[in-house]
Amino acid sequence: MQKAKIDKLLGTDGESDRQDRSSGIMIKVNNGIDRPEQKSNFFKTSKVGNLKDYKKVTGILFILSTALIFMLSVDRLSGEEMKMKAFSFKLSEDSHAEWKEKGQHNKPYRINFNGFIEDKENPGKKLYKLDIAFDRFYKLILRIPFSMPVLDKIKSKFIYLIENSTGVTCSLGFLLKFEPGFGGYVIKYPAKISGKWNTMEINDVFEHCKETGTKVIAQRYYDEVDSENFTPYFSDIGLYLDGKRGQRLTIYFRDIEISGNVPSSDDVKKLSAVRWAPARKKMERRLEILRNQAEAVKKQLTETKLISAYANNLKTIELKKINAYLRKISHILERGFIRRVPEERLATEIREFNRLTFFLKSVENYVQKTKNVSYLPFVVNPISDQPILPASIFFNGECGTEIKMTATPGEFEPASFLIKAIKPLDKIIAVPTELKNVEGNGIIPVAAVDVKLVKCWYQGGTAWLTNKLDLNKVMVPELLLNDDSLVKVDTGKKENYLKLSFPEGEKYVWISDPGEKSDEPYKLLKNRDFPVKDSPGLLPVNIPGGKNQQFWITVKVPAEVAPGLYRGKINLVQAGRNIGTFSLDLNVLPFKLLPPYYTSSVYYRAKLSAKYVAGTVSSEYKTEKQLEAELKNMVEHGVSNPTCYQPFKNRKLLEKYFSLRKSAGMNPKDFYYCYGIDVECGKSLQSRKALENRVKTLLAFLRSHDIDEVYFYGRDEAKGERLKAQRMCWDILHKTGGKAFVAGVIKENFEKMGDIQDLLICSGKPLKGEAARWHSQGHKIWSYANPQAGVENPAVYRRNFGILLWQNDYDGACTFAYQCSYGNIWNDFDGRYRDESFTYPTVDGVIDTIAWEGYREAVDDVRYLTTLLHKLEKAKKDNNPEKQKIIAEAEKYLKNLKETDIMKIDLDNMRRQLGEYIMALRN
């Protein structure tokens, strides 16, 4: 191993000595603590000519000395020898290696043969044969378990032959993990389907680990870690297969060999501890803060005196939860690491704990003043990290019946309440009234107050947190329905069933079947074969005793309504009799919101098709009625310019598509076109000219529809040479008058295409520095995959696609997707991935989810911000001293908001403050 490499591995700039010995390679490591010659060089090159420079130098020395003291406290490898021994793996019968899939049940493929056979070309030797056939579309990773630290150059070789493949694509490579407990990165290279023996060598794994440790793993978990904090390992040898129904692959391996030099396992453990120590220290400080907060809540809750048995029972349950929380933190501190999502969950739990005392007192007060309680009413925060399930006992809200809302004219605003049935409540319906202005200045009609049921059902086991496929089933709140019986849930078997409405009658179908067959990744369920539809109005619901039912209110404030306080009710009606009432107060603010400063978009796959005129229940082909409903739904959720997949080859259908966009309220000057035409070309003059003509023809057509700028989509998430290969094509787009946009990642697209890529839809957590790089070229950056659609938690989307983008200077939000299914869009278990959908299609409309409501609230947060920024610019022209004071206060608030961790911002309070500044400047 080279000197510089060992120094980097240990996080030092020390020295290393190498000498070959028969037992291996000896590497002596020095942490570089006593390096007087380096200190003198530093002072020689630093011009300390004044007090400011002196303070700068002494500050640097203080930081270095602090780091030195910290390193001395770590179990460092100073003066020790890392003994590097040769290590190798070879595929053979003796290795007991076998290609297997990890953790997959109800496999959508058949393995006809998997093992060693005689090598007819080399008598006495054996080959490994794998023969696999697919029953439906599936992306498969077969693995051979293999563990080896990647601390130096690795040599690997695959000698293979693909005998036949009826369409199955195949890649070879490795799965990596990064100690102390992170991983999941894949290195893979496509295999040749040639019918001949091929040799593939993958020898750049060490460089891959350095690159991905920073680019992928660090971004996925913490900002403060990079490749130098991790110790990379092979976790598996990987065989990556993509197949469809009826396709088959037979592959032979004559050899799989991996070799390199590695230290002993003890030295690797020490090295891993040294590398992870700086990040661990920061993690420990954060967890100590959480632990102290939990201890404080426990003390406060213990000292809170309650009278009612019901409230005291809740108190006992919550104290047990806090004790379990404290044990969890102790375990994590002992283990030494935590991933980002679990840590965010810990922070969310603390926010819940901080509300416990208030919540329990509200329960106590209601129970004490109410006789013969048959149910408990709760007003809850609609956009919350806390899922409300039928058996939940604590809610982000309070026990009571007063619903208070604030909105502006033209705004859609959510609220939520729930009923906890003490005894069974049958056929309960929530009936809103009109909202009357308390000063007699008008009404908001009852039609503007939409009430729906929040339906809990089973989704993949990572639901509420990530999109990762997990065939375990977990119950989550998601759907906003009028008819609770549309989805029937069997809690005993953990299964979902969907009601279909055929002309001859209703029928339930199983929609949590992991073995459901699909020929394509986007299963096309024809409307006539899969007639799912919700009721046009809210229907009564049964609430079992001891269970909860959450209701969702959306008020569409009329655009021309007078400002002021409006009051109405939500009556709970059973068999025509009113059994309870929630009051509803809506404060309409005296200003309208501007459109958001950024482009509010989303990937939208739907198309009109001459082949599927009758439409499908899928993310793909729609009737005009379905498309119209979905486009209108997007506009109502703040998405004014989704991407378009409608092909150009049928101009009549594209004309109709544009007509439906405009009637829905979409009239943007920029157009984002995905896969509508072919934007690739070869090197020949004829091919380049053909691309130029295609683009010219399309631009002429679009500009006749008042489109000024057209962005053409490149190769999705391409990297390396595949990304760079588009340069000539994008040059032609620019020459012809178009622009280029595509999804990609940080530290990839800008380096290779930043000079000519007009817009990056950037995967992962937004970074201000990345935005600055794209803006330096006069280009734009949008955010997506933070996360994709399909995570049921609405608060995630409100945080990540609203104010967070302004904090990092991003120009737009565009995650994937409004709807995208990997199989049946109503079945979360039948694909390689969980479905990535904000909404669910029906034959005549669309069903919203609470996550989609969170996306709308993100846009509205930015609209409040945009409106304030506009008011500030306008007010600066006014020399009124009082107004200048307000300007100064507002700008100070915004400066602080810009730098505050999004996880620490109460977005409801933020919006309230933005509104107050807007009104102060308006007056």
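Student: Leaving aside its neighbours within four places in sequence, which residues is Arg 605 in contact with?

Tutor: This is a predicted model, in which local features need pLDDT of at least 70, side-chain atom pairs count only at pLDDT 80 or more, and totals for chains, interfaces and linings use all residues. Residues are numbered from 1 along each chain as its sequence is written, and side-chain values use heavy atoms, without hydrogens or water. With contact meaning heavy atoms within 4.5 Å, the partners of Arg 605 beyond those neighbours are Tyr 522, Ser 619, Glu 620, Tyr 645, Phe 816, Gln 819 and Cys 820.

Student: Does Arg 605 count as buried or exposed?

Tutor: Arg 605 is found in the loop between β30 (599-602) and β31 (616-617); strands are DSSP E runs of at least two residues, numbered from the N terminus. Buried means under 20% relative accessible area, exposed over 50%, and partly exposed in between (1.4 Å probe, protein chains only). Because its relative accessibility is 10%, Arg 605 counts as buried.

Student: Nice! Now for a sheet: which are the edge strands?

Tutor: Six strands form an open antiparallel sheet, in the order β14-β13-β16-β27-β20-β21. Strands pair if DSSP finds at least two bridges between them. Pairing on one side only, the edge strands are β14 (397-399) and β21 (473-481).

Note on methods: Helices (H or I, at least four residues) and strands (E, at least two) are DSSP runs, numbered from the N terminus.
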